[in-house]
Amino acid sequence: MAGGGASASGATGNAAGVRIVVAGDAKTGKSSLIVTAAAENFPTNVPPVLPPTRLPEDIYPDRIPVTIIDTSSSPQNRGRLVEELLRADAVVLTYACDRPETLDRLSTFWLPELRRLEVKVPVIVVGCMLDKRADQHPVSLEQVMSPIMQQFREIETCIECSALNHIQIPEVFYYAQKAVLHPTSPLFDQEQQVLKPRCVRALKRIFILCDHDRDGALSDAELNDFQVKCFNAPLQPSEIGFLFLHALFIEKGRLETTWTVLRKFGYNNEIRLRDDQLPPPIKRYPDQSVELTNEAVEFLRRIFFTYDVDCDGALRTNELEDLFSTAPENPWNEPPYDGAAEKTAMGGLSLDGFLSLWALMTLLDPIRSVENLIYTGYGGDPSSAIRLTRRRRLDRKKQQTDRTVYQCFVFGPKEAGKSALLNSFIGRPFPEEYVPNTNEHYAVNAVDQPGQGTKKTLVLREIPEEGVKKLLSGRDALAECDVAIFVHDSSREPSWQKATEMLLDVASHGEATGYEVPCLIVASKDDLDPYLTEIQDSTRVSQDMGIEAPIPISTKLGDFSNLFQRIISAAEHPHLSIPETAAGKSRKQYHRLVNRSLMFVSVGAAVAIVGLAAYRVYAARKNASSS
């Protein structure tokens with residue numbers, strides 16, 4: 001199989017090429033190494049620090065420009081050294097082969113210093129002045145460097161050289177360039193001596209993409225197509241067959257071959273799809289959201305049933321892992337997705353739960369959602385997988401919305417029952433003991449629409465009591481909220497008072513920013529006796545603010561009074577259930593008075609203008625008759 005290099009832009013993300021910084025103690029051969037590599041002659045005199053040196057583009061097979069930066073280790077030049085290290089694509093650390101103390105300094109100073117500066121690039125350790133080491137004391141490079149390489153995994157290669165005798169000088173910067181263009185660490189676990197999981201997943205996806213007939217094997221034609229795509233050359237007839245496959249596997253050990261394949265299929269150095277394989281950043285207003293298109297949803301339905309191997313209507317853990325086996329990792333193994341959807345008694349994810357998690361990921365991180373769609377086999381235009389919804393402000397004006405995914409903020413004081421509500425929404429049992437939650441978390445599920453035969457996706461986002469102030473400190477805090485609910489413990493008056501304060505804060509924030517949201521009051525723990533004036537207090541507040549009366553629920557008894565359908569209904573009618581504060585009502589009254597006054601002024605002005613025009617006509621006629 002033919003090998004090939006990637007372009008500089010594809011490999012390093014930098015059209016200027018590879019920037020290699022040479023550092024190390026004084027008098028370890030840094031400048032002589034650079035001059036000999038560039039001029040192919042040992043210098044008799046070199047300045048203390050060389051200017052940036054550019055190697056000829058044709059010196060190495062990849063034909064990518066290499067710029068070498070010399071540095072000084074003197075304290076007065078430390079600022080410049082740090083600046084150059086932070087801009088490096090690779091670092092060459094030098095020591096003198098005849099001075100063991102300079103080798104010790106690599107592990108006691110230079111390598112720890114790179115870590116302290118967070119210089120996360122490949123490191124090439126180079127022993128210079130090999131010609132000065134006494135031949136009567138042979139030293140094994142592997143024996144010397146093995147402990148250091150075990151401690152500092154960022155070391156890509158170790159090499160010894162002699163500028164005076166021209167021994168392994170070109171190889172130093174070839175290894176440095178290769179470490180940037182074809183890095184080992186993303187592909188191979190040196191300690192375990194195996195391919196890393198993300199590399200295996202990417203190669204599995206590439207195999208599936210090339211296996212056009214889905215028979216689990218690459219035919220001669222499919223293998224030839226693969227060769228042409230990756231290396232721009234067809235296979236020769238003699239290369240096709242069993243022996244060639246063995247040769248192919250052997251040659252796969254060359255990192256540049258593996259990287260060429262990965263980059264041809266759109267992968268970057270982190271073995272994720274490059275930005276040019278994904279939709280561009282989405283330009284949108286804060287009150288617009290992103291949803292999956294019907295085309296993407298239908299694709300997801302198909303792959304759900306494809307991977308539901310036991311046909312039980314749910315994806316169990318192994319089936320879900322198999323579905324994401326061609327992605328860098330399972331995106332749902334971490335918050336906010338882990339534990340956010342309903343699971344069956346056997347721990348499987350139903351179709352509704354599966355589609356709900358995709359809807360949540362698209363809402364929160366649409367580009368990552370599309371990225372994972374592509375990993376799982378979506379072959380359409382990436383931009384056709386998602387759509388941008390209309391602004392919520394326009395929805396309120398038009399008094400309707402075409403969204404299919406609604407986000408509901410769940411406010412309430414501690415121990416009001418917020419977490420229990422979210423857990424019940426995704427089918428979890430009522431907890432007997434209270435477990436405090438200080439972090440935001442999500443619950444998502446499909447909600448049936450009675451009489452419509454359709455389902456809408458509802459996302460519940462719990463806002464901890466401690467997080468309300470921080471949330472409302474941002475102007476656009478409510479822009480992505482379709483509905484807000486305020487949960488209080490109906491058996492405790494302090495809980496109601498705190499929930500009321502939150503309702504007033506949210507309503508005031510919406511009035512001040514223009515992001516008013518429909519609000520519902522939820523009286524939880526209806527299985528307990530209410531506090532004495534609970535009904536009167538909650539009814540008065542709901543009437544004063546012009547919203548629906550509190551909805552009583554008992555999570556413990558499983559009685560939710562159709563709460564989730566009512567949340568969806570409030571979202572579908574974005575102009576209703578919007579609370580008004582006293583200040584908001586005063587502002588509206590003031591604006592009405594101003595508008596009425598302006599109307600009277602406008603009418604008066606119009607009458608005056610008409611009267612003036614009539615007078616002018618009258619005067620003109622009178623003048624005409626007099627003459």
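This report walks through a predicted protein model, from its overall make-up down to a few local details.

**The big picture**

Let's start with the whole chain. The protein has 627 residues, and 47% of them are buried. Its secondary structure consists of 21 helices and 18 strands. If you look at contacts between residues with a separation of 6 or more, 72% of them link residues 24 or more positions apart.

**Two helix pairs**

Two packed helices are described by the angle between their axes and the distance between the axes. Here are two pairs you can find in the model.

| Helix pair | Axes come within | Crossing angle |
|---|---|---|
| H13 (residues 351-364) and H14 (residues 366-375) | 5 Å | roughly 135° |
| H2 (residues 30-39) and H6 (residues 169-181) | 9 Å | roughly 95° |

How do H2 and H6 sit relative to each other? Their axes cross at roughly 95°, so H2 is roughly perpendicular to H6. On the H2 side, the residues taking part are Leu-33, Ile-34, Thr-36 and Ala-37, and they meet Ile-169, Val-172 and Phe-173 in H6. Sorted by class, this contact has six nonpolar residues, one polar residue and no charged ones.

Now for H13 and H14. With a crossing angle of roughly 135°, these two are oblique to each other. H13 brings Trp-358, Met-361, Thr-362, Leu-363 and Leu-364 to the contact, while H14 brings Pro-366, Ser-369, Asn-372 and Leu-373. That contact counts six nonpolar and three polar residues, again with no charged ones.

**Helices with buried residues**

Next up is H7, which covers residues 197-210.

Which residues of H7 are buried? They are Cys-199, Arg-201, Ala-202, Arg-205, Ile-206 and Cys-210. An α-helix has 3.6 residues a turn, so residues three or four places apart point the same way.

The buried ones are Leu-563, Phe-564, Ile-567, Ile-568, Ala-570, Ala-571 and Glu-572.

Most residues other than glycine have a negative phi, and most peptide bonds are trans. A few spots in this model go the other way.

Lys-27 is not a glycine, yet its phi is positive, at about 60°. You'll find Lys-27 in the loop between strand S1 (18-24) and H2. Is Lys-27 buried or exposed? Its relative accessibility is 71%, and the cut-off for exposed is over 50%, so Lys-27 counts as exposed.

Ser-561 also has a positive phi, of about 50°, without being a glycine. This serine lies in the loop between strand S18 (551-552) and H20. At 23% relative accessibility, Ser-561 counts as partly exposed.

Finally, a cis peptide bond joins Pro-335 and Pro-336, with omega at about 5°. Pro-336 belongs to the loop between H12 and strand S11 (349-350).

Methods. Residues numbered from 1 in each chain as written. Predicted model: local features only at pLDDT ≥ 70, side-chain atom pairs only at ≥ 80, totals over all residues. Heavy atoms only, no water. Helix = DSSP H or I, 4+ residues; strand = E, 2+ residues; numbered from the N terminus. Buried < 20%, exposed > 50% of the residue type's maximum accessible area, 1.4 Å probe, protein only. Contact = heavy atoms within 4.5 Å. Axes fitted to C-alpha atoms, helices over the stretch in contact; angles between N-to-C directions. Parallel < 35°, antiparallel > 145°, perpendicular 65-115°, else oblique. Nonpolar A, V, L, I, M, F, W, Y, C, P; charged D, E, K, R; others polar. Expected span 1.5 Å × (residues − 1).
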